[in-house]
Amino acid sequence: MKLSVVIPVYNAAEFIEKSYRSIAEQNLKDFEIIYVNNNSIDNSIKKINKILTNDKRVKLIEQPKQGAAAARNLGIEEAHGDYIYVFDVDDEIYPNALNAMICVLDSHPKAHAVFGKMVKSKHSIAKTIKPEDETNEVIIKEKPYWGLAWFADLSIVVGPPAFLYRRSVFKSIGTYNEAIRNNEDTAFDIKLGMTCTVAFLDRYVYLYFKHESSTIQTSKRQMPRAFMVWPRLVKEHLPFYLTNEVPICFKHLLFTQIYQSMGRQIEYTKGLSERKKLKSVLLDDINSINVPVLIKFYLNILVFFSFAPVRKIYSYYIVPAVIKNRSN
């Protein structure tokens, strides 16, 4: 089989039909669609079952372990395609985008994955003007080019539906980290870019549908970004650093982000006793490394004087100075 499309589903009944059409209308010849139900309590299963009775290429499996990473991983495990496409149920794919990405991997056997562009919109593809800056040029970069680029600048990171992977990728570097509840896709793709040859297709692949009920939007309302990125840093990137040879710039990026995230989390936490507890937890999370005395000292200052100006001095002056000193 050429392609497996994995679609996690959690209470997404309103998007099932649209997600199916988005794949079915791609003019694909040899593919399967694997819906992974992740404890939905709405009519998602009913709508999927209606589709699969009429299309044998569609399958439904159950993942009781909650979380996008677990759902994606089970779908990947059950996939039969040479290529794997991980789709978010509420998004849309631009016409013939999947065939274009398949063509890239067919034509460039050294590329382990290919990714394109995304458009963010509060409306559908039909109601959204697509930018005219696509060239369809293919740019191939060997490791760790894309890994370092994405790690350094999250604004250029695209979501899972922008990527098409060879199935062999998941066997060689593993799957999504189920210990991470948010940003597990970013964690995976940074690891992909650090370890694999990745192609970029200068073409818009999918539309990221921004709506208030999406998982990521809900998470953003519930916690500041510093708390969201912390699990990715300490459960994915730090272990990767400790078990692999990495460029010095990866090390600098990692420790800069770890130390700055610690400062922001302490600043955002209310109550002296809570900040003390949090500092202990954060230091315990990174007990596999030696934290500089100066970092610990200023974290203590932040615990007692949790004000934005104090944190800015820590982030903009203390952390860079420590990182520079460690590189000398």
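Reply: Beyond its neighbours within four places in sequence, Arg 72 is in contact with Val 6, Pro 8, Val 86, Asp 88, Pro 160, Tyr 176, Glu 184 and Asp 185. The model under discussion is predicted. Arg 72 itself belongs to helix α3, which covers residues 68-78. Its relative accessibility is 5%, so Arg 72 counts as buried, the cut-off being under 20%.

Ring pairs join Tyr 176 in a cluster with Phe 115, Tyr 145, Trp 146, Trp 150, Phe 163, Tyr 165, Phe 170, Phe 188 and Phe 200. Across the whole structure, 20 aromatic pairs are found. Among them, Tyr 85 and Phe 87 are stacked, with 6.0 Å centre to centre and 20 degrees between the planes. Tyr 85 is buried at a relative accessible area of 0%, and Phe 87 is likewise buried at 0% relative accessibility. Tyr 165 and Phe 170 form an edge-to-face pair, 5.2 Å centre to centre with 70 degrees between the planes. Tyr 165 is buried at 0%, while Phe 170 counts as buried at 7%.

Charged side chains also meet rings. The charged end of Lys 18 sits over the ring of Phe 209, 4.8 Å from its centre, and that of Lys 130 sits over the ring of Tyr 94, 5.1 Å from its centre.

Notes: Residues are numbered from 1 along each chain as its sequence is written. This is a predicted model: local features need pLDDT of at least 70, side-chain atom pairs count only at pLDDT 80 or more; totals for chains, interfaces and linings use all residues. Side-chain values use heavy atoms; hydrogens and water are left out. Helices (H or I, at least four residues) and strands (E, at least two) are DSSP runs, numbered from the N terminus. Buried means under 20% relative accessible area, exposed over 50%, partly exposed in between (1.4 Å probe, protein chains only). Contact means heavy atoms within 4.5 Å. Rings of Phe, Tyr and Trp (its six-membered ring) pair if their centres lie within 6.5 Å; planes under 30 degrees apart count as stacked, over 60 as edge-to-face and the rest as tilted. A charge sits over a ring if NZ of Lys or CZ of Arg is within 6 Å of the ring centre and within 35 degrees of the ring normal.
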